[in-house]
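Here are my notes for you on this one, written as numbered points. Keep the viewer open and look up each residue as you read.

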Amino acid sequence: MNDMSFTSRRNPVTAADPVNMPQAALHEIAPMRSRTVVLSGTPGMAEMVARGLRRDENIDASHRVVPLARFAERPGMSLTDIDLIVFEIRVGNDADMAALRYLREMTQDRVQFLGVTGEPISLATAKALMDAGVSDVIPLTNVQPTRDHSADLVAMTAEAERIAQTRALPTQTGQGDQTRDGLILAACGAAGGIGTTSFALSLATLLARPAKPVRRRGAKPAMPRVAVVDLDFQNGVMGAAIDVADNGAYLDFLRTRTVPTAALVRQGMVRHEATGVDVLAAPVTLAPLDAMTAPMVAGLIDELRLAYDFVVLDLPRALVDWVDPILARADRFFILGDPAVHTVRQMRRMIDLYTDDHAGLPVELVISKQKMSRGAGVKEAESFLGRKFDLWLPRDDRAATRARDHGQPIALARPKSPTVRALVPLVESLCAQQAQANRRRA
Ligand SMILES: Nc1ncnc2c1ncn2[C@@H]1O[C@H](COP(=O)(O)OP(=O)(O)OP(=O)(O)O)[C@@H](O)[C@H]1O
Ligand SMILES: [Mg+2]
């Protein structure tokens with residue numbers, strides 16, 4: 001790893017305390033009642049942020065629907081009655097950076113500047129802003145009012161974020177903005193090389209197929225939206241296994257340690273055309289497992305859940321301190337293993353550990369890469385575990401080799417493989433669970 005910023009953990013945009021941080025930052029900058037102007041060219045955003053800031057009695061906030069550069073150009077512009085300028089960061093906008101330098105020079109450091117961003121920004125951008133005189137960079141979510149303030153504010157917030165995101169990022173998925181409430185499916189191996197990543201990819205592939213056969217001619221089948229996320233980012237083989245390149249967003253996310261937004265999710269997911277699955281592939285650059293934190297993974301899952309019908313998570317085998325939000329959110333939690341004594345012991349340890357604080361965790365035990373034979377070893381294993389295995393994925397070396405050679409999930413490379421056929425009842429049960437959840441929501 002040659003990126004010093006990664007190891008030094010400099011953290012200009014972290015949201016360690018999402019609720020209180022902005023106010024604290026503002027007090028530090030301007031302890032008296034600060035006369036504040038919020039600037040943003042995004043309709044709704046400046047007003048929303050100003051209204052959020054006005055909840056603090058120490059802030060007297062107004063807003064203008066113009067970006068920083070246009071504000072600085074206004075004829076006769078005066079800043080004599082302003083202490084603080086909060087502006088929307090437009091990444092890579094040179095005019096804004098020039099305006100920032102001009103305004104700072106003009107006010108001779110009397111006025112403070114605060115950048116607000118609706119999308120994760122890189123350390124380099126944050127540093128450039130701070131070098132240009134910005135006191136702090138704050139995620140948009142930290143300066144918006146809490147949800148119970150009023151319905152119109154919530155709508156405005158959502159609209160401002162939506163506009164900011166669509167403007168900042170082209171849609172990669174090409175799918176509609178409809179909100180989902182996806183099932184969270186986590187998979188974790190009790191032994192190395194047991195087939196966890198292959199399972200996650202094949203499961204995602206099968207789930208992404210059209211829900212029901214189409215009867216009417218010309219009618220489009222309902223295509224479930226499926227995401228698969230490589231949380232085993234230290235091994236990072238998922239992308240390579242199916243020829244999906246990491247596009248840099250994941251590494252940025254880990255580097256900046258920002259709580260993810262919908263924008264990050266849209267930016268980071270890469271469509272695997274052959275299956276229709278959106279993939280968050282681990283970065284090529286090695287990242288330490290503690291680069292992830294519990295709030296980050298919680299935010300990531302929550303955003304994915306809203307955007308997809310199924311979210312498949314490939315977990316690292318190592319015990320990480322950010323597993324808790326996954327356990328709290330998983331609708332199904334698969335532990336893959338085999339009947340070997342050490343693997344079964346490890347499965348047992350994992351069940352005990354993970355269900356300790358999450359008694360209701362829906363754990364499912366999967367035998368993977370094993371010949372179909374319920375010999376004495378399996379019975380012993382089940383008696384040690386105190387429960388039966390839920391699923392058996394037979395070993396199929398030819399299918400696995402073909403999948404590797406073609407850079408495809410086994411379910412695509414050899415759909416008729418016994419390994420794939422064994423997944424069908426699980427897929428059906430997940431589709432039924434999702435349909436039921438949708439009906440309840442409707
Ligand atoms: N059902 C199967 N039959 C035969 N080989 C399989 C099967 N499933 C996966 N494999 C092969 O086993 C190897 C390990 O698979 P995979 O990477 O999915 O395991 P893993 O548990 O994710 O590994 P790691 O512990 O490194 O994350 C791969 O070469 C894969 O092709
Ligand atoms: Mg793996």
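1. Start with Asp 314 in strand S10: its bridge partner is Ala 187. One thing to keep in mind from here on is that this is a predicted model. The Asp 314 bridge belongs to the pairing of S10 with strand S6 (residues 183-189), where five bridges join the two strands and they run parallel.

2. Now go to the other pairing of S10, with strand S7 (residues 226-230). These two also pair in the parallel sense, over five bridges.

3. How many of the five residues of strand S10 are buried? Five of the five, so this strand (residues 310-314) is largely enclosed by the rest of the structure. As a bit of background, side chains in a regular strand alternate between the two faces of the sheet. You can follow that here: Phe 310, Val 312 and Asp 314 are on one side of S10, Val 311 and Leu 313 are on the other, and all of them are buried, which leaves both faces covered.

4. Next, have a look at the open sheet of five strands. Its order is S2-S1-S3-S4-S5, and the pairing is parallel. Which strands sit at the edges? They are S2 (59-64) and S5 (136-139), each of which pairs on one side only. From one strand to the next, the twist averages 25°.

5. Gly 115 is a handy place to look, with Val 137 of S5 opposite.

6. On to a helix pair. Two packed helices are described by the angle between their axes and the distance between the axes. For helix H14 (residues 341-356) and helix H15 (residues 376-385), the axes come within 10 Å and cross at roughly 25°. Angles under 35 degrees count as roughly parallel, so H14 is roughly parallel to H15. The crossing of H14 and H15 is right-handed.

7. Which residues make the contact between H14 and H15? From H14 come Val 344, Met 347 and Arg 348, and from H15 come Ala 381, Phe 384 and Leu 385. Sorted by type, that contact has five nonpolar residues, no polar ones and one charged.

8. Two backbone angles deserve a second look. Most residues other than glycine have a negative phi. Asp 243, though, has a positive phi, near 60°. Asp 243 lies in the loop between helix H9 (238-241) and helix H10 (249-256). Is Asp 243 buried or exposed? A residue with 12 or fewer other C-beta atoms within 10 Å counts as exposed, and Asp 243 has 12, so it is exposed.

9. The other one is Lys 369, with a positive phi of about 60° although it is not a glycine. Lys 369 is found in strand S12 (residues 363-370). The cut-off for buried is 20 or more neighbours, and Lys 369 counts as buried because it has 20 C-beta neighbours inside 10 Å.

10. Finally, zoom out to the whole chain. There are 19 helices and 13 strands. Of the 442 residues, 45% count as buried. Among contacts with a separation of 6 or more, 77% are between residues 24 or more positions apart.

Notes
Residues are numbered from 1 along each chain as its sequence is written. Chains are lettered from A and ligands numbered from 1 in the order in which they are written. This is a predicted model: local features need pLDDT of at least 70, side-chain atom pairs count only at pLDDT 80 or more; totals for chains, interfaces and linings use all residues. Two strands pair if DSSP finds at least two bridges between them. Helices (H or I, at least four residues) and strands (E, at least two) are DSSP runs, numbered from the N terminus. Axes are lines fitted to C-alpha atoms, for helices over the stretch in contact, and angles run from 0 to 180 degrees between N-to-C directions. Angles under 35 degrees count as roughly parallel, over 145 as roughly antiparallel, 65 to 115 as roughly perpendicular and the rest as oblique. A crossing is left-handed if the near helix is turned anticlockwise from the far one by less than a right angle, and right-handed if clockwise. Two residues are in contact if their C-beta atoms, placed from the backbone, lie within 7 Å. Ala, Val, Leu, Ile, Met, Phe, Trp, Tyr, Cys and Pro count as nonpolar, Asp, Glu, Lys and Arg as charged, and the others, Gly among them, as polar.
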